[in-house]
Amino acid sequence: MLCLCNTHLLGRHKRSWIIDSFDLVEEHPGPFPYELGQITLDRSYLVEFMLKGRGVDVDPKGVLSINPTTGVIIVHRKVDFEEYKVLKLTFQARNKSNLAIDTQLGMEVNILDINDNPPVFRRKVYDVSITESTKQGSFVVGVLAIDNDAAGTLNSTIDYKIISVTPTTKNAEFYLQNSGTISFKGCLDYEVANKYTITVEAKDRGEVVKLSSTTTVIVDIKDGNNNRPVITGQTGSGKVLEETTGISPLVIHTSDVDTRNTSAWRALYSIQGDKGGHFSIHTDPETNDGILTVVKPLDFEKQAQQSITVSVDNEEPYYSCEVKERPTKGLWTIINHSAKQSTRGINITVEDVSEPPYFPEPLRKIVIEENGPVGAFLDKVTALDPDTHRLGKLEYAIKQDPAGWVTVNPTTGEVFVKESFDRESSHVTNGSYTVTVIVTEKDNPKMTSTATLQIYVKDRNDNVPLLKESEVSVCQSEEISSTEITAYDLDGEPYSGPFSFELIGDVKEIWNFDPSNGNTVHLVKHKSVHPGLYTLMVKISDKQGLFVLQNLSVAACDCSVSPSCLVQRNVQKKAGSGVYGTVIFASLLVLALLLLTLTCSCGAVKSLAQVEYVLEDALLSYNIEKPGTDCMVPTALLKTIYDTQSKEAFLANNGVQNKGDVHQVSAQMINSHSPLVQSNGFWSMERSQYNFDERLRSLQSRENELLDYEPHIYTLEDISVNFEDLDPIELPSDEFNPELLSDLGPAFRNLASICNPEKGPTTEVMKNGTMKGFNHKQ
């Protein structure tokens, strides 16, 4: 009975609602319809009752209804508890005068369960397999039944029971626990019973009626290893050739009463007494025989007879079981018996065969110093004949000697040095040189064996350090700059780097190394060094003091124009020989005319444009406003110039000269493609490029035909040139250094003396014939 009180805030009078609770038993037999109960209502005005929800207008529909006037609840049909445990509904009361809902409440009708469902097993038949060697008390199978009646009630509480076991054996008894787990007591015996059929019942504890069902459990017994295999005999000769493998001298036969092709029947063989590990034995899967095989060669000279023992067992461990007592509670008392393993002694006869000779020490390690004396004793390799142990029948020879440095005595096996060892040879790897010696039986050349000599060659300081590059470049600037110099040495430690670097000659104030030790150092150029090509003599010493004198060509250039002088030089070399030669020829022709003009003219000298050193060719620029006096060049003097140039051929010296312990390396600094080059401080011209006799005469002939004209001033409007297509010309702002002319060779000295044989008051000539300056009259 539920009481609901509701107080209206506007002064409405108190109302009370009383609703009874209801229970509905499932599967009620009827007759239908019948009254379930009545809802009583305390009211002062007429109301109308309504009921909706599950069991009325929601499944299961049509089970319940309510009388709208009296409030009586009527049941029209059955309800299944396993489908609906409770029916949730909504109760309403409406005011009859205005049909407004006065109140609305939820209502539940509980469905009461009855024992109408028996326990049902998950499976109708359970099939399991166990081996006969399974120990008593072990889990066999678990059965499970489900009851759909209300959980936690007697209607759903299940008890399990074994109804029957077929066949019945005295040494085994199956039992079942309350949880549905089946096990057994005693001993299983495949030979007595290989299958058991067990009937299990599940029953609930219903108060009115008890319901039950059954299932069948089939237990298949697999044959276990309760019978050991027995060796019954052997076949085969039992003879083995020495130094042979893979042959089978014997086959072992066994018998086993357990089920064929099971783990209880399949045999496992083992060998005892085989100290050298010469034999193995495996099982034939079809016959269960044991096949004996030689896996390691036997030696007739060491042992002509071999005695071993073979035993046999099964893949599955042996198991025995016998029931001794059957107590009423707990497991039975059983006894396990043991059976002796079957074995058999076997004798193997080793037969003698001819065997190749062998080296007791097939790998020999030797240490020798490189550049040693020829004919020196290196090592002795000795082979043995396993058949006779005599040495007279053996012959030795070199099988592998990549550099041909050794020889061997064919009778004694003594190895001697035939050629001096060189550690820096390509045949030496990581200081190691390998030689292979072969020995042969004279009576049977097919019987051979080899020995390896691993010769470690000790290093000597027999190589000087060298520069990796004999030509480098350095950037020209007003500050100190440097470039990297790297040396290498074919020798190893401790006869190689780090090296010591030193400059030879009076250049240390403008060139130096920083640091002066290492594999790679920096050659530092001081700011007083002008652009040009320099040849430095470098002394490079290894850690032991062995040194070399090597020429290093250094190009100092403006890196803003070209990042590397050497790269620019190589590009120039690749230019076409025809065009390149024509341009140089024209430039040198103008230079010769200017020199002749300067030499033969008299007057003041204007400032000369600065001349810079370049790697390949150099043209001297002269800025002279007025020409001098024309002069004729004698033919005899021209011939003298021609002969002088023939003697001053291009100097090329690239190689290494030995001077005691000092090695001097020089590099060719002359470009054979250039008609005017600088070499060893002199300028020389290539005879094959020019014939000064004909050129100068041609110029003199044409000069006589020229007329004097007044100079004409051109303006930019007169020149139809697109200046955007022209490369900019950079002229040095520094004044010309007269010392730059000091490198002119004897040919130009002779050329200068054509019109000025004696030193005049306006012409200054330096010693050794080098031109210092020229004056011309205005």
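Start with Cys321: at 24% relative accessibility, this residue counts as partly exposed. Keep in mind that we are looking at a predicted model here.

**The disulfide**

Cys321 is bonded to Cys187, with the two sulfurs 1.6 Å apart. That is the one disulfide the structure holds. Look at where the two ends sit: Cys187 lies in the loop between strands S17 (181–186) and S18 (195–204), while Cys321 belongs to the loop between S26 (305–314) and S27 (322–325).

Is Cys187 buried or exposed? Its relative accessible area is 7%, and the cut-off for buried is under 20%, so Cys187 is buried. Cys321, at 24%, falls in the partly exposed class instead.

**The sheet around S25**

Next up is an open sheet of four strands, in the order S20-S22-S25-S24, with antiparallel pairing. S20 (230–235) and S24 are its edge strands, each pairing on one side only. From one strand to the next, the twist averages 25°. As a reminder, strands of a sheet pair through backbone hydrogen bonds.

S25 (residues 290–294) is mostly covered, with four of its five residues buried. On one hand, S25 pairs with S22 (residues 250–255) over three bridges; on the other, S25 pairs with S24 (residues 279–283) over five bridges. Both pairings are antiparallel. Here is who stands opposite whom:

| Residue | Opposite residue in S25 |
|---|---|
| Ile252 | Gly290 |
| Ile281 | Leu292 |
| His282 | Ile291 |

S24 and S25 also make a hairpin, with six residues between the strands. Asn288 in that hairpin takes a positive phi near 70°.

**A buried aspartate**

Asp149 sits in the loop between S14 (145–146) and S15 (158–166). What is the nearest side chain of opposite charge to Asp149? The answer is Lys85, 8.8 Å away. Asp149 is buried and has no salt bridge.

So what does Asp149 touch? Leaving aside neighbours within four places in sequence, the contacts of Asp149 include the acidic residues Glu82, Asp113, Asp116 and Asp204. Also among them are Asn115, Asn117, Asn155 and Ser156, along with Phe81 and Ile114.

Notes: Residues are numbered from 1 along each chain as its sequence is written. This is a predicted model: local features need pLDDT of at least 70, side-chain atom pairs count only at pLDDT 80 or more; totals for chains, interfaces and linings use all residues. Side-chain values use heavy atoms; hydrogens and water are left out. Buried means under 20% relative accessible area, exposed over 50%, partly exposed in between (1.4 Å probe, protein chains only). Two strands pair if DSSP finds at least two bridges between them. A disulfide is a pair of cysteine sulfur atoms within 2.5 Å. A salt bridge is a side-chain nitrogen of Lys or Arg within 4 Å of a carboxyl oxygen of Asp or Glu. Contact means heavy atoms within 4.5 Å. Axes are lines fitted to C-alpha atoms, for helices over the stretch in contact, and angles run from 0 to 180 degrees between N-to-C directions.
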